[in-house]
Amino acid sequence: MIISVASGKGGTGKTTIATNLALSLKQTQFIDCDVEEPNANIFFKAKIDERKDVTVEIPIIDDEKCDYCGKCSQFCTYNALAVVPSKVLVFPELCHSCRGCGLVCPKSAISWGKRSVGTIEHGVVDGVDFYHGLLHVGEIQTIPVIKALKKKIDKTKNVILDAPPGTSCPVIETVGISDYCILVTEPTPFGLHDLKLAVEVVKQLKIPFGVIINRDGVGDKKVEHFCQSEKITILLKIPHSTEIAHLYSKGIAFACELKEWDDEFKNLFHKIQEEIKK
Amino acid sequence: MKQITVISGKGGTGKTSVTAAFASLSTNAVLADCDVDAADLHLILKPKIKKTIGFHGLKIASIDKETCIDCKKCYTNCRFDAIDEDINLIKESCEGCGVCEYVCPVDAIKMVDRDSGFSYISETRFGPMAHAKLNTSEEASGKLVTEVREQAKKIAEEKNKDLIIIDGPPGIGCPVISAISGVDLVLIVTEPTLSAIHDLERILGVTEHFNIPSIVCINKFDINSENTQKIKDYCKDNDISVVGLLPYDTVVTDAMVQEKTVIEYSKGVLSDNLLNMWNKIKKKMDL
């Protein structure tokens with residue numbers, strides 16, 4: 001079973017829920033898909049034993065064959081190519097690797113080179129088979145890094161995917177392949193607003209989902225009311241607690257310190273199994 | 001006219017609450033919400049929309065199944081796996097490159113405009129505001145961020161405003177780079193947690209890469225004094241000034257529930273510290 005943990009709003013506790021769930025279950029695979037700001041390994045502290053470069057294709061122009069007809073730059077919708085009188089300029093960071101320029105080139109002057117956009121890393125800790133991806137600083141191609149991570153999914157295991165915040169392409173790429181999605185929110189107006197957006201996304205993707213309310217007790221009751229009126233399952237409430245916040249600040253998964261929570265996360269998993277059967 | 005962007009790397013550190021506070025402290029500014037994925041600033045500023053502009057991101061393929069001869073050339077040439085073997089479009093995966101339209105021998109595929117969201121020009125109690133809504137599951141949020149910034153610039157020129165205050169998105173990727181490129185100053189709101197420190201280091205890498213002056217504010221600085229010291233030391237070593245220390249205070253959530261900025265809602269220590277930080281920023285920006 002693949003469970004994704006997403007949120008809409010950032011900083012609501014995705015990584016907290018995802019890491020605690022994985023550590024309570026053991027024998028899981030955990031993939032941190034927030035390749036812009038991956039934080040899960042702060043909690044796992046897995047020793048990295050494997051590192052792989054993620055590359056994308058970029059066009060290489062053969063100056064001998066090119067006659068500067070300009071068809072490649074006219075075709076490129078991303079403005080990654082510009083043809084000046086006796087040169088083709090390539091802007092690799094704008095290229096989406098669609099290979100269109102190569103298809104339209106009448107002189108077959110375009111071949112393909114590789115450009116690194118990020119790395120993926122692997123480690124094992126406490127029975128958790130761990131992966132995360134790191135987008136290079138200054139780079140914008142998040143999707144190829146997430147795709148490289150998704151290839152590592154081991155379907156024989158229970159898999160937990162920690163999604164990036166937001167509601168656009170990197171979130172779809174992550175949540176889209178899961179069997180169930182946990183949406184983590186907080187009981188505040190910002191939390192509610194962004195939860196509604198996230199609910200729209202998982203409904204569009206037709207993925208069964210439930211909500212976890214983190215820092216319960218702050219703000220107001222509107223998230224709960226929303227879930228009740230929309231008939232959305234509230235899987236768990238985690239109270240606002242300085243003890244939990246302090247453990248988080250030090251990079252400690254709180255269920256490892258507070259035994260009663262270890263059981264809560266085991267129960268959470270069973271609840272999700274029941275939800276999927278429905 | 002000058003521009004400042006508030007970002008954080010890690011989400012949920014308090015970007016929008018800080019931006020909203022600045023909105024109520026500024027006297028001649030345009031506000032811009034560039035977190036188009038999960039925009040929240042409007043929940044506090046309650047903008048009255050004056051103008052709505054349709055936003056079209058990347059184009060999208062449209063397949064005419066009647067004309068299609070099932071040659072599968074589009075399927076084999078698509079690098080984004082956006083067309084399946086039965087020649088159905090997978091909308092979420094299409095990046096609008098136009099390769100399928102090009103290789104189709106019977107002109108069964110056309111690239112068409114996609115309705116990706118809206119940008120808005122509005123009026124708030126603190127001045128004009130540019131903001132947007134990206135439809136869920138859409139690509140090209142970077143492009144929409146650029147659009148919002150263009151609108152904000154236009155208003156600033158028309159109304160003779162001397163500052164644009166931009167609420168940025170989390171992360172370090174495409175939308176963030178669009179929100180900070182060419183601004184005069186970036187304020188990074190962080191918190192004393194190991195996650196936020198990790199993300200701060202990565203986002204500072206981005207601002208350095210693009211050569212944008214950056215300053216740091218530590219929100220909830222009192223929840224872990226050891227980590228706060230770590231951030232201060234790190235910033236000192238890297239020649240970055242820490243312009244604000246904001247204490248943890250439940251008034252942030254209380255103000256949010258009341259749809260008010262912290263400055264409007266409370267006269268406490270937090271408001272004093274925000275004002276102090278705002279004055280430092282004004283000085284840094286020669287305002």
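User: What percentage of the 278 residues in chain A do buried residues make up?
Analyst: This is a predicted model. A residue counts as buried if 20 or more other C-beta atoms lie within 10 Å of its own. Chain A has 278 residues, and the buried share of them is 50%.

User: How many helices and strands does the secondary structure of chain A come to?
Analyst: The C-alpha atoms of chain A fill a box of roughly 70 × 40 × 35 Å along the principal axes. Within chain A, the secondary structure comes to 10 helices and 11 strands.

User: Among contacts in chain A between residues at least 6 apart in sequence, what percentage join residues at least 24 apart?
Analyst: Start with contacts in chain A whose residues are at least 6 apart in sequence. Of these, the share joining residues at least 24 apart is 74%.

User: Which element gives the largest share of the side of chain A that touches chain B?
Analyst: The contact takes 50 residues from chain A and 49 residues from chain B. On the chain A side, the elements giving two or more residues are α4 (100–104), α6 (169–175), α7 (189–204) and α9 (242–249) of chain A. The largest share is eight residues, and it comes from α7(A).

User: How do the residues of that side of chain A divide into nonpolar, polar and charged?
Analyst: Chain A puts 50 residues into the contact with chain B. By class, they divide into 19 nonpolar, 23 polar and eight charged.

User: How far apart do the C-alpha centres of domain 1 and domain 2 of chain B lie?
Analyst: Chain B is divided into domain 1 (2–55 + 124–284) and domain 2 (60–113). The distance between their C-alpha centres is 40 Å.

User: Is α7(B) roughly parallel or roughly antiparallel to α8(B)?
Analyst: Helix α7 (residues 194–209) and helix α8 (residues 225–237) of chain B have axes that come within 10 Å. Those axes cross at roughly 10°. Angles under 35 degrees count as roughly parallel. Therefore α7(B) and α8(B) are roughly parallel.

User: Which residues in α8(B) do B:Leu194, B:Ile197 and B:Leu200 meet?
Analyst: By class, the contact of the two helices α7(B) and α8(B) has four nonpolar, one polar and one charged residues. From α7(B) come B:Leu194, B:Ile197 and B:Leu200. In α8(B) they meet B:Asn227, B:Lys230 and B:Ile231.

User: Is A:Asn79 buried or exposed?
Analyst: A:Asn79 lies in the loop between α3 (71–75) and β4 (81–84) of chain A. Its phi is near 55°, a positive value in a residue other than glycine. A:Asn79 has 10 other C-beta atoms within 10 Å, so it is exposed.

Note on methods: Residues are numbered from 1 along each chain as its sequence is written. Chains are lettered from A and ligands numbered from 1 in the order in which they are written. This is a predicted model: local features need pLDDT of at least 70, side-chain atom pairs count only at pLDDT 80 or more; totals for chains, interfaces and linings use all residues. Two residues are in contact if their C-beta atoms, placed from the backbone, lie within 7 Å. Helices (H or I, at least four residues) and strands (E, at least two) are DSSP runs, numbered from the N terminus. Ala, Val, Leu, Ile, Met, Phe, Trp, Tyr, Cys and Pro count as nonpolar, Asp, Glu, Lys and Arg as charged, and the others, Gly among them, as polar. Domain bounds come from an automatic or database domain assignment. Axes are lines fitted to C-alpha atoms, for helices over the stretch in contact, and angles run from 0 to 180 degrees between N-to-C directions. Angles under 35 degrees count as roughly parallel, over 145 as roughly antiparallel, 65 to 115 as roughly perpendicular and the rest as oblique. A residue is buried if 20 or more other C-beta atoms lie within 10 Å of its own, exposed if 12 or fewer, and partly exposed in between; C-beta atoms are placed from the backbone.
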